[in-house]
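Welcome! Please take a look at the sequence and the model, and then read on.

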Amino acid sequence: MKTLYVMLFAIAIVLLSSFTTSEACNYAGSNLNYVKARTEEALETSDINKSRFYTYKAIKVIQTSTNRFNDCGCEDAEINIEESLINLKAATKATSLNGTKILLQEALEQILDAVDNLEQHEMHDAEFSAKKFEISTEIEDPLIAKEAKETQLHQQIDISLENYRQSINKVIESVNCLEARAFANTVYIRCEERLLTSNLSEGKKYYNLRTKEITEEALARLGDCGISK
């Protein structure tokens, strides 16, 4: 009887955990759809001030939804959201409509990736929760399992950051040098600040380190924009 109670308690914990995560992901998805709609409005207008107005709305929702994104636990989506926030902020500082739209388009693509990653994450969580009820006799070396998980995570982040590499290259080629350098410098400083955070997860640590390296390459390409020191 005692064993039965323990099993029922464990099942209840799993179900409660699954429900809480799913609810957080639903909220996160809803907020992301709002961000997507505002970003699309910012892209559609030909008035730079209206574009900034919609962009600020999108930024505000991302910034006030951080806890919901964290509670959902989808690290891939969190990375996409961080990238989109960088581009959205840069778009509000661009001085030309063309530069604004380039940055907004990059932000929109990252938001769409985040939405897709959230959907995949929820499907994966559902499968994972079902597997928790299975009894496994396989013994796995925890160190090997941890290394394999980190390697897979790093590979996923590297793939994701290829989009960022293309994005910053497009900014360098399409936006005037001073604006492009200001954008890249903001990203670089932000990564440095994040890397000083003591409780940073392994995924976010690697993401910020690689983003910093890619941005450093971009800054080297830009040089001093022809301004003599």
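Keep in mind that the model you are looking at is predicted. L219 sits in helix 8, which covers residues 202-222. Which residues does L219 touch, once its neighbours within four places in sequence are left aside? They are R181, A184, N185 and Y188. One of these, A184, lies 35 residues away from L219 along the chain, yet the C-alpha atoms of the two are separated by 6.5 Å.

Now for the wider view. The protein chain has 8 helices and 0 strands, and its pattern along the sequence reads α-α-α-α-α-α-α-α. Of its 229 residues, 39% are buried. Among the contacts in the chain with a separation of 6 or more, 79% are between residues 24 or more positions apart.

Is helix 4 largely enclosed or largely open? It is largely enclosed by the rest of the structure, because 15 of its 19 residues are buried.

One partner of helix 4 is helix 2, made of residues 48-64. The axes of the two come within 10 Å and cross at roughly 150 degrees, and the crossing is left-handed. On the helix 2 side, the contact involves R52, T55, Y56, A58, I59, I62 and Q63, which meet I81, S84, L85, L88, K89 and T92 in helix 4.

Finally, a look at the aromatic rings. A pair of such rings is described by how far apart the centres are and by the angle of the planes. The count here comes to 1 aromatic pair. It is formed by F53 and Y54, whose ring centres are 5.5 Å apart and whose planes stand at 65 degrees, so the pair is edge-to-face; the cut-off for that label is over 60 degrees. How exposed each partner is can be read from this table.

| Residue | Relative accessible area | Class |
|---|---|---|
| F53 | 48% | partly exposed |
| Y54 | 23% | partly exposed |

Key
Residues numbered from 1 in each chain as written. Predicted model: local features only at pLDDT ≥ 70, side-chain atom pairs only at ≥ 80, totals over all residues. Heavy atoms only, no water. Buried < 20%, exposed > 50% of the residue type's maximum accessible area, 1.4 Å probe, protein only. Helix = DSSP H or I, 4+ residues; strand = E, 2+ residues; numbered from the N terminus. Axes fitted to C-alpha atoms, helices over the stretch in contact; angles between N-to-C directions. Left-handed = near helix turned anticlockwise from the far one by under 90°. Contact = heavy atoms within 4.5 Å. Phe/Tyr/Trp six-rings, centres within 6.5 Å; stacked < 30°, edge-to-face > 60°.
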